[in-house]
Each structure stands twice: as C-alpha cells, then as structure tokens.
Amino acid sequence: MAIRKILIEGEDDLLRKHSRPVEKFDKRLWTLLDDMAQTMYDADGAGLAAPQVGVLKRCVVIDVGEGLLELVNPKIVWSTGSVVRPEGCLSVPGRRGTVERPEKVRVQAQDRFGQPIEIEGEGFLDMALCHEIDHLDGIIYIDKMIEDVTDQYETEDEE
Ligand code: NI
C-alpha cells in the first residue's frame with residue numbers, strides 16, 4: 001500500500017472530469033482501493049474519491065467511524081428529505097461550507113470483486129456518500145455551497 005498525493009482544487013483539472021465506470025475487478029483496482037484507504041486515513045479524512053488521487057475511475061472509500069466502505073461504480077438510487085450541513089473536502093483544505101443534501105440516500109454499488117452491494121445512509125454517512133459520488137462527476141462541494149462557514153469550525157474530519 002502507498003499513500004498517494006491528494007489533488008487540490010484549482011491546481012488540477014482531473015478533479016473536474018467525469019470518471020469512467022470500473023469494468024475490471026483486478027489487482028490494479030485492489031491496489032487503488034488499498035492506496036485510497038491508506039491515503040484517506042493518513043489525511044484524517046472520512047472519505048476519498050479516486051479522482052482526488054488523479055485516477056478517473058468510479059470508486060470511493062468512506063469511513064465515518066463505522067469501518068471502511070469501498071464502493072465501486074456507486075449510484076444513488078433513492079433519496080428522501082433535505083438537510084443543510086457543513087462539509088469539508090481534502091481537496092479544498094482549510095475550508096468548510098454548508099451544502100443542501102438529501103436526509104437519507106440508498107446507494108447501489110459493487111465491491112472490489114464486482115459483487116453488488118446496497119447501502120442506506122443518513123446523517124454523516126449520507127453526506128459522505130453524496131459528497132464522494134459527486135467527485136466522480138467532477139463536482140466539488142464548493143460548487144453547491146450555500147455559505148462559507150470556515151470561520152465557525154475548528155479543523156474536523158474532512159471528506
Ligand atoms: Ni471531497
């Protein structure tokens with residue numbers, strides 16, 4: 001495993017591109033997922049999407065304190081409600097801003113072997129799912145930011 005360099009918004013246009021679906025569930029993918037998890041933990045993040053390490057593949061890793069989630073080709077298939085919460089991003093260091101997201105989402109994805117998985121998330125997990133899946137379409141939370149609240153927060157987990 002290796003820690004990869006996290007791209008910073010404004011410095012690299014890879015963050016703004018659409019990622020391609022993963023078709024091969026091979027060693028190369030597993031190395032990417034391993035490296036993404038290590039990179040996320042090293043940066044004290046709660047989530048990381050492949051484009052943030054310069055790889056345009058549809059995969060994300062998330063850990064909101066309930067263990068590591070690896071999601072390949074994740075898709076939001078259902079959502080309900082709406083809630084405004086502060087978010088941060090490892091690719092936008094030192095800033096936080098509020099974003100409106102659904103209250104609860106259901107996501108279908110595949111695991112590292114290509115097996116289908118489905119998860120439901122609310123609260124912090126909901127936010128992490130929405131935030132990371134946005135990265136796969138080149139969207140960063142600041143694009144949707146309602147208010148910059150950087151001043152109101154000490155450093156916390158960043159996505
Ligand atoms: Ni992010």
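**Labels and their cut-offs**

User: Why does E11 count as exposed?

Analyst: E11 has 61% relative accessibility, so it counts as exposed. The cut-offs are under 20% relative accessible area for buried, over 50% for exposed, and partly exposed in between (1.4 Å probe, protein chains only). E11 sits in the segment before α1. Its C-alpha is 26 Å from that of R85, which is 74 residues away in sequence.

User: What should I know about the model itself?

Analyst: It is a predicted model: local features need pLDDT of at least 70, side-chain atom pairs count only at pLDDT 80 or more, and totals for chains, interfaces and linings use all residues. Residues are numbered from 1 along each chain as its sequence is written, and side-chain values use heavy atoms, with hydrogens and water left out.

User: What makes L48 count as buried?

Analyst: L48 has 0% relative accessibility, so the label is buried. It belongs to strand β1 (residues 47-49). Strands are DSSP runs of E, at least two residues; helices are runs of H or I, at least four; both are numbered from the N terminus.

User: Which residues does L48 touch?

Analyst: Contact means heavy atoms within 4.5 Å. Leaving out residues up to four places away in sequence, L48 touches I6, M36, T39, M40, V53, V60, V61, L90 and E132. By contrast, S82 is 34 residues from L48 in sequence and 23 Å away, C-alpha to C-alpha.

User: What makes a set of residues a nonpolar core?

Analyst: The members are buried Ala, Val, Leu, Ile, Met, Phe, Trp, Tyr and Cys residues, joined through side-chain atoms within 4.5 Å. The largest core here has 15 residues, and L32, M36, L48 and C59 have the most contacts inside it. Two or more residues come from each of α1 (27-42) and β2 (59-62). Helix α1 gives the most, with 5 residues. A second, separate core has 14 residues, including A49, I62, V105 and L125.

User: How do you know which residues coordinate the nickel ion?

Analyst: Donors are N, O and S atoms within 2.8 Å of the metal (3.2 Å for Na, K and Ca); water is not among the atoms, so sites may look incomplete. C89 (SG), H131 (NE2) and H135 (NE2) coordinate the nickel ion at 2.1 to 2.2 Å. Their spacing in sequence is C-x41-H-x3-H. C89 is in strand β4 (residues 83-89) and H131 in helix α2 (residues 124-135), so this pair ties together parts 42 residues apart in sequence. Both C89 and H131 are buried.

User: What makes a space a pocket?

Analyst: On a 1 Å grid over the protein atoms alone, a pocket is an open set of points where a 1.4 Å probe fits, with protein on both sides within 12 Å along at least five of seven lines; lining residues have an atom within 4 Å of a point. The largest pocket holds about 150 Å³. R20, P21, V22, E23, K24, D26, R28, L29 and K57 line it. That lining has 3 nonpolar, no polar and 6 charged residues.

User: Is N73 buried or exposed, and why?

Analyst: Its relative accessible area is 15%, so N73 is buried. N73 lies in strand β3 (residues 69-80). Its phi is near 55 degrees, a positive value in a residue other than glycine.

Methods. Points joined across faces, edges and corners; volume = space filled by probe spheres on them. Nonpolar A, V, L, I, M, F, W, Y, C, P; charged D, E, K, R; others polar.
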